[in-house]
Amino acid sequence: IARDALDIFKDHGFNYVRLRLWHTPSGGYCNLENTLMMAQRIKQKNLGFLLDLHYSDTWADPGHQPKPASWETLVFEALKDSVHEYTRHVIAELKAQNTLPDMVQIGNEIICGMLWDEGRICGGWNTAQQWERFGELVAEGIRGVEDATGPADSVKIVIHIDRGSDMGSSIWFFDNLIAEGVDFDVIGQSYYPWWHGTLDQLEANLDTLAQRYGKDIV
């Protein structure tokens with residue numbers, strides 16, 4: 001019997017759907033039009049909705065954080081403005097159809113920053129100036145969410161990295177980001193057991209992060 005995939009997920013305990021959004025993807029996959037359509041289906045099923053903004057035309061991850069092609073030549077101040085305006089527009093479009101996300105993720109697996117090279121922070125880019133620039137870019141994304149929502153709206157901000165069992169890297173990242181004055185609600189962690197270590201290490205890391213920062217973790 002053919003059934004809606006979302007109903008099958010709900011029957012098996014899923015409570016949230018996470019949608020990635022690419023800026024101008026080739027072929028249209030994961031674009032705003034499809035995201036708006038999927039958001040309606042998610043809300044109709046009374047599921048939680050987590051929006052994952054990649055700030056890229058394609059996959060963004062620890063090894064690749066390419067800017068959207070249309071932002072490639074922007075100077076830094078214009079890049080910050082684009083992050084703000086794009087985020088505000090996306091959230092406003094979702095709110096207009098009554099499908100506001102419950103959580104919004106500013107960037108995807110941003111352990112090494114985002115929007116390279118302006119927001120890059122690993123290796124030779126692990127400098128005070130780069131952390132400041134990265135913090136400003138993240139803050140503009142958060143401000144875009146805030147500017148599209150009102151006092152009655154409840155949208156939590158997620159900062160997402162991919163160091164599920166790596167306590168040292170996780171603390172390095174969040175200590176530095178918080179030092180830049182970035183205010184967020186939820187820590188997002190990816191955990192890939194074939195790369196990242198054991199479940200015991202994951203447990204120890206999540207326990208430590210929860211106690212150190214006092215935030216919910218996804």
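I started with a pair of side chains: Asp 102 and Lys 43 meet in a salt bridge, at 3.3 Å from N to O. For this entry, a salt bridge is a side-chain nitrogen of Lys or Arg within 4 Å of a carboxyl oxygen of Asp or Glu. The pair links distant parts of the chain, 59 residues apart: Asp 102 is in the loop between helix H3 (76-96) and strand S3 (103-106), and Lys 43 is in helix H2 (residues 32-44). Helices (H or I, at least four residues) and strands (E, at least two) are DSSP runs, numbered from the N terminus.

A note on what I am looking at: this is a predicted model, where local features need pLDDT of at least 70, side-chain atom pairs count only at pLDDT 80 or more, and totals for chains, interfaces and linings use all residues. Residues are numbered from 1 along each chain as its sequence is written, and side-chain values use heavy atoms, with hydrogens and water left out.

Asp 102 counts as partly exposed because its relative accessibility is 25%, and Lys 43 counts as partly exposed at 24%. The cut-offs I use are these: buried means under 20% relative accessible area, exposed over 50%, and partly exposed in between (1.4 Å probe, protein chains only).

How many salt bridges does a search of the whole structure find? I get 17 of them. As a reminder to myself, side chains of opposite charge can pair when their charged atoms come close.

I picked out Asp 52 and Arg 18, whose side chains meet in a salt bridge at 3.2 Å, N to O. Asp 52 lies in strand S2 (residues 48-53) and Arg 18 in strand S1 (residues 16-21), so this pair ties together parts that are 34 residues apart in sequence. Is Asp 52 buried or exposed? Asp 52 counts as buried, at 3% relative accessibility, while Arg 18 is partly exposed with a relative accessible area of 43%.

Next I checked Asp 162, which forms a salt bridge with Arg 163; their closest N and O atoms are 2.7 Å apart. Asp 162 is buried, as its relative accessible area is 5%. I also noted a network of salt bridges that links Asp 4, Asp 7, Arg 41 and Lys 45.

**A nonpolar patch**

On the surface I found a nonpolar patch formed by Ile 8, Phe 9 and Phe 14, with about 260 Å² of accessible area together. Patches are made of residues with over 30% relative accessible area and no salt bridge; like charges are joined within 9 Å, and nonpolar side chains (Val, Leu, Ile, Met, Phe, Trp, Tyr) within 5 Å. The areas come from the Shrake-Rupley method with a 1.4 Å probe, and for residues only the protein chains shown count as cover. Phe 9 sits in helix H1 (residues 5-11) and counts as partly exposed, at 35% relative accessibility.

**Two helices**

I looked at how helix H5 (residues 167-179) packs with helix H7 (residues 199-213): the angle is about 20° and the axes are 10 Å apart. Here axes are lines fitted to C-alpha atoms, for helices over the stretch in contact, and angles run from 0 to 180 degrees between N-to-C directions. H5 and H7 are therefore roughly parallel to each other (angles under 35 degrees count as such).

**Backbone and buried residues**

In the loop between S3 and H4 I noted two spots. The peptide bond from Trp 116 to Asp 117 is cis, with omega near 5°, and Asp 117 is in that loop. Glu 109 lies in the loop between S3 and H4 too, and has a positive phi of about 50° although it is not a glycine. Glu 109 is buried, with a relative accessible area of 7%.

Which phi does Cys 30 have? Cys 30 shows a positive value of about 65°, although it is not a glycine. I placed Cys 30 in the loop between S1 and H2, where it counts as buried at 11% relative accessibility.

My last stop was His 160 in strand S4 (residues 156-161). His 160 is buried, with a relative accessible area of 4%. From C-alpha to C-alpha, His 160 and Gln 189 are 5.7 Å apart in space, and in sequence they are 29 residues apart.

How values were computed
Parallel < 35°, antiparallel > 145°, perpendicular 65-115°, else oblique.
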